[in-house]
Number of protein chains: 4
Amino acid sequence: MKHIAVLTGGGDCPGLNAVIRAVVRTASGYGLKVTGVRDGFKGLIHGHLTPLDLASASGLLHRGGTILGTTNRDNPFRYAVKEGDELRYIDMSGQVMANLKHWEIDGLIVIGGDGSLSIARDFHRLGLPVVGVPKTIDNDLSATDVTFGFDSAVTTAVEALDKLHTTAESHHRVMLLEVMGRYAGWIALHAGIAGGADVIVIPEIPYTTAKIIEAINRRLASGKRFSIIVVAEGAKPVGGDYTVQRIVPGSHEQLRLGGVSHRIAAEIEEQTGLETRVTILGHLQRGGSPTPRDRLLASRFGVHAVKMLISGEFGRMAALHGGDIVSVPLEEATGKLKTVPPDCRLVAEARCLDISFGD
Amino acid sequence: MKHIAVLTGGGDCPGLNAVIRAVVRTASGYGLKVTGVRDGFKGLIHGHLTPLDLASASGLLHRGGTILGTTNRDNPFRYAVKEGDELRYIDMSGQVMANLKHWEIDGLIVIGGDGSLSIARDFHRLGLPVVGVPKTIDNDLSATDVTFGFDSAVTTAVEALDKLHTTAESHHRVMLLEVMGRYAGWIALHAGIAGGADVIVIPEIPYTTAKIIEAINRRLASGKRFSIIVVAEGAKPVGGDYTVQRIVPGSHEQLRLGGVSHRIAAEIEEQTGLETRVTILGHLQRGGSPTPRDRLLASRFGVHAVKMLISGEFGRMAALHGGDIVSVPLEEATGKLKTVPPDCRLVAEARCLDISFGD
Amino acid sequence: MKHIAVLTGGGDCPGLNAVIRAVVRTASGYGLKVTGVRDGFKGLIHGHLTPLDLASASGLLHRGGTILGTTNRDNPFRYAVKEGDELRYIDMSGQVMANLKHWEIDGLIVIGGDGSLSIARDFHRLGLPVVGVPKTIDNDLSATDVTFGFDSAVTTAVEALDKLHTTAESHHRVMLLEVMGRYAGWIALHAGIAGGADVIVIPEIPYTTAKIIEAINRRLASGKRFSIIVVAEGAKPVGGDYTVQRIVPGSHEQLRLGGVSHRIAAEIEEQTGLETRVTILGHLQRGGSPTPRDRLLASRFGVHAVKMLISGEFGRMAALHGGDIVSVPLEEATGKLKTVPPDCRLVAEARCLDISFGD
Amino acid sequence: MKHIAVLTGGGDCPGLNAVIRAVVRTASGYGLKVTGVRDGFKGLIHGHLTPLDLASASGLLHRGGTILGTTNRDNPFRYAVKEGDELRYIDMSGQVMANLKHWEIDGLIVIGGDGSLSIARDFHRLGLPVVGVPKTIDNDLSATDVTFGFDSAVTTAVEALDKLHTTAESHHRVMLLEVMGRYAGWIALHAGIAGGADVIVIPEIPYTTAKIIEAINRRLASGKRFSIIVVAEGAKPVGGDYTVQRIVPGSHEQLRLGGVSHRIAAEIEEQTGLETRVTILGHLQRGGSPTPRDRLLASRFGVHAVKMLISGEFGRMAALHGGDIVSVPLEEATGKLKTVPPDCRLVAEARCLDISFGD
């Protein structure tokens, strides 16, 4: 192992740069050369590379986003090319394997979510010496206790809840905050408890508006004229259609179709007469400087990714188990979502705090 | 002057509690009794009062919102009452005058925006010993250099821009941030410059999407693959219809009708093919702890409001002129909006920094 | 169990109020009456009590400190009373037992560090139905994975490091930050990694100034003209006298005797000629709003403390094991310090990131 | 004017990089070439230069410190050189004039405090086309309403006060916070009011410990068992020796000699028996990301500095007057300190808020 490459794939996330920095610093200690790949797997196809050294990795620890760029699409195994007006999908994986050989890259680190790590797994099947670093703001990867970015996203959501609290209280309103979580309600659950929400609505526990209103009314009865509700974007009503539409936050489709928060808010306002307002956090959850905890975790993952390459643990992903960083096979780590078990302790504890889940 | 009352009216704003605290502390020094009025002018009609002393004013300096509660409506001169299914408007001002006399309140402090201050002015015409404290996040009151809440709102907007920056850069996207400012673009202008925006769109300078795209393309040409755009909610296209719809942020109407940001974003994406995303800050701008600057200004206003009552400067409003707090007649202070002069120095300076206004 | 009491002991810590709030909300759900004890164990001797209900527990989640007050001393088993000019120590534990009986308190929750929990253990030996909630900013309690307050303290330290970074870089200086940790270097270790320190000095790994300077010189050789050093207050030189003096941070003794940071700084400046500056965080680490993570953990502990009382798990302490809250015997939980194992993975990972421990 | 240079002198300050960025962007719009001078005036002597373009000025707006480096000493008119063990001072100003000519630099922008601006003034007397940008965290420059960095320093101090508040309240302590301000108490005054201090001690109003204790006792009498005191580092007792020692914050001299805060704290503790603790903010006030307000002001100054060079306004300094940026002669701007007038309105207002000045 003399020369390694690193790429970031999928949506951006606080801590990506901290991983890159840790990779460069660790590699430098072992005398390895490091190359950065621009814009995810696409860069491996087109040869968009950039050398990384201690100087270029300086000042990255607290910086959000990724200096390498990233993209949500562009799977080399199913690469979209335009032919006339139509898209055709071709397999560029062979090209990528040849490129890596040509560039004399002995090992690849893929930092990404389930999508990017699945591509990494497929490359490993082709024989590529690749390791993965898990990245998901939603904390929905089953193979690691937690990933970097999650603590930062929760912190952003709680800061928003602290702000909405004062408005809710001053105006005697119901305030809804919609946070990320299409399939898993972890952000809503953690932020809701830490931010003092009265109701938390997550995909794993189907809600009825009647039960949400019941919670609001219980507060009214006890003299509290405002309520705070946290809604995961993937929340769904009891008996509701579970086909989650792939609506991009902040897109005009989202505007047109409306999100679940707006539907809940409309029903609350209609049935209670209380002023009800929605705030959608959207991209704010992905951006900004990572929290200290995320910087620490991202740094540890970066160290391990290099060590895994050196010790030949290919086809594996760095993971946090207990307090330790270990490695798990990509084959096992991908394709499975970690959702909130509706009967888990944390949900039960939230109920003890008089938080309703609308069920 | 032995007994004074204080009320907060209109939308909530960081610093309201700091004014209340300063009123109580100053009044206490002069041996005055202080009564708080709940939920704005409505509380004067229905007698929703609460005594305020040093203990109840403790811990308020950094707290957002208003402990007195507030409401956006409820003008005693035109008070809405339901008769069957219809609303009828009646004049309750006489009732309020009688109430204040009955409660032996010798002076009233109204903390509010143009709407609340206009009501205060009307009560002054009836002979009420009333003084005003200006409050507007938008900074659109003509009679004071600046009001508290504005610095906090700008700070929240800049923090959001800092977060969007990392995502924009990582994904090579155009990111739009919609901030408050229905008629005046001050928040967008200040936050845009301080947050490193590439384009700022404000109500006072009608935009064309073509010009906005020109700015984006100029950046692309210089190697910058992302752009940040700040849009005031009241922005309007050249020749555009200026009838600003009263869309409540976070309401379902807003969702259905769509805001100006979504219209601009759709046009950019269509015409450039660049991924374009919208974030609407909405209520986050009103909430949370005031900045030190706003706490200082709010405290000074509170001190002066009491002094104005004591010295008999009724019908006047506290205002910041230069670095000093002075008082100005409510008759002159209300009914005039302070908008951004399109040819002002600050706009010119922003242009020097290569910020486009889409014009 | 109809009536429970709660007290906070030892140094204050972000999250104490969040525990109190969770205790009250949970107890309320079970129909229990809750009494707050003022100023730690002292309040049990003198009967300084205050009723706690949902209203008094409102708004506590994000508030630092403890509304109940606390004190670092006042052990009822060895209570200091002045006799003339001398202190005499008497056993007031019987009095406390009698008081609790008289007040009809069926169960007591003690939130505190090793000192307070040891007192709780001793009361349990006397038959008191008591449970503990662990509190230590230093994270040095052996029986729980982590305690609330630690994440907040690390966050404050990292924010300070981010600020010192810009000065160090601009002035080409060596900047030392002294953080808490008399016996355990956890704060220094976590904050140092997350804050990009070049050297971390902790009590568990004795340092030599020569090795610290070696790290600084290695940076100089690579073109980095500044260095950041994090020092735990209990750091000690190789062969150094390990009798840690009980110097109160911010006290005049500390000033006169000087802390370890100043000794290290003086030696660096003397031997390298580089400008070297010290910042002592001191009390800033204890104060302020808890991070979301600490709010969540504190809330969970509060829920469990009530449940432990109800289920009769007396003489035990709530603890975090893995992701779950469990209970452990106070007999086992107290009296043992959890220090940083010098050969632990986290230290090894830090070394991979080119962080020196001065050894 | 085809080629301009920019340097930063004196202590670092949030906003320096924002000025540099604005200079580069504005100059770029006018087609000027920009050169950065490293480490203040020293760089002009030794030719430590670096080209600045839009790429190198990217990402600077929110970054603390100065990418150009700075130094507190090194006056070219009195440049210290070592001869054996002694320092000799020589005039290198001619060398600097010759260098600038040789490098074909047509105009110089000096960003600095009173010291650096005085050097700029002296160079202007020699005929150098130089303009100044005022920089002082202390806000003690007489020729401008305010300078960038001040709002950031006040914000850091208020954040510290918010944290100390919770500890003071929980432990019933007196907490002292020492902030910057050797001659001018602006930071202490603004931060003290905005942070809810009970006592503010500034150089301009000599204190007696007896009066400070009087304020503490007045609080005790009203049931408040804690007090918060803000002390400017240059505070002095009535009749006290006004020769302010040049003690470097964080230096070992400071430790040995002790600062004014420690002297006050010792006296309070002795005379009242209340636990009293000192926190010295020191370098934390200089570092970190500038507030939005400081970013805006710094950007405006940068724009104007370039415009002043272009329009031939040499020997002048950018200044904020009212809301506008104007230029004033360096001859008038330097050498005069703006201190807090003891009878100014802001001090009077603070007294209305029941803040004592220890007088």
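Let me begin at one residue of this predicted model: in chain A, helix α12 is followed by A:D354, and the phi of A:D354 is positive, near 70°. In chain D, D:D354 likewise has a positive phi, of about 70°, although D:D354 is not a glycine. D:D354 sits in the segment after α12 (345-352) of chain D. With a relative accessible area of 39%, D:D354 counts as partly exposed, because that class covers values between 20% and 50%.

As background, most residues other than glycine have a negative phi. A further exception is C:H172, which is not a glycine and has a positive phi of about 55°. The residue belongs to the loop between α5 (150-171) and β8 (174-179) of chain C. Is C:H172 buried or exposed? Its relative accessibility is 18%, so C:H172 counts as buried, the limit for that class being under 20%.

I return now to the helix that comes before A:D354. Helix α12 of chain A spans residues 345-352, and its buried residues are A:L346, A:V347, A:E349, A:A350 and A:C352. What covers them? The cover includes one element of chain A itself, α6 (186-194). It also includes three elements of chain C, namely α1 (16-29), α10 (292-310) and β13 (324-329).

That brings us to the relation between chain A and chain C. A rotation of 180°, with 0.0 Å of shift along its axis, superposes chain A on chain C with an RMSD of 0.0 Å. Within chain A, the C-alpha nearest the axis belongs to A:G322, at 2.9 Å from it. Of the contact residues of chain A, 100% recur in chain C, and the same surface serves both copies.

Next, chain A and chain B. Chain A can be laid on chain B by a turn of 180° and a shift of 0.0 Å along the axis, with an RMSD of 0.0 Å. This is the relation of a two-fold axis. Why may we say that these copies meet through the same surface? The reason is that 100% of the interface residues of chain A are also interface residues in chain B.

The contact draws 50 residues from chain A and 50 residues from chain B. In general, the size of an interface is often given as the accessible area lost when the parts come together. Between chain A and chain B, the buried area is about 3700 Å², and carbon and sulfur atoms give 52% of it.

Turning to specific interactions, there are 4 salt bridges across the interface of chain A and chain B. One of them joins the side chains of B:E169 and A:R63, at 4.0 Å from N to O. Polar contacts between chain A and chain B number 16 residue pairs, with both residues at pLDDT 80 or more.

Which elements of chain A give two or more residues to the side that touches chain B? They are α5 (150-171), α8 (252-257), α9 (260-272) and β11 (276-280). The largest share, 10 residues, comes from α5(A). By class, this side of chain A has 12 nonpolar, 25 polar and 13 charged residues.

Finally, two pairs of chains are without contact. Chain B and chain C do not touch, and their nearest C-alpha atoms are 11 Å apart. No contact joins chain A and chain D either, with the closest C-alpha atoms 11 Å apart.

Terms used. Residues numbered from 1 in each chain as written. Chains lettered and ligands numbered in written order. Heavy atoms only, no water. Least-squares fit on C-alpha atoms with pLDDT ≥ 70 in both. Contact = heavy atoms within 4.5 Å. Buried area = accessible area lost by both parts, 1.4 Å probe. Polar contact = N/O pair within 3.5 Å; in protein donor to acceptor, adjacent residues only side chain to side chain. Helix = DSSP H or I, 4+ residues; strand = E, 2+ residues; numbered from the N terminus. Nonpolar A, V, L, I, M, F, W, Y, C, P; charged D, E, K, R; others polar. Buried < 20%, exposed > 50% of the residue type's maximum accessible area, 1.4 Å probe, protein only.
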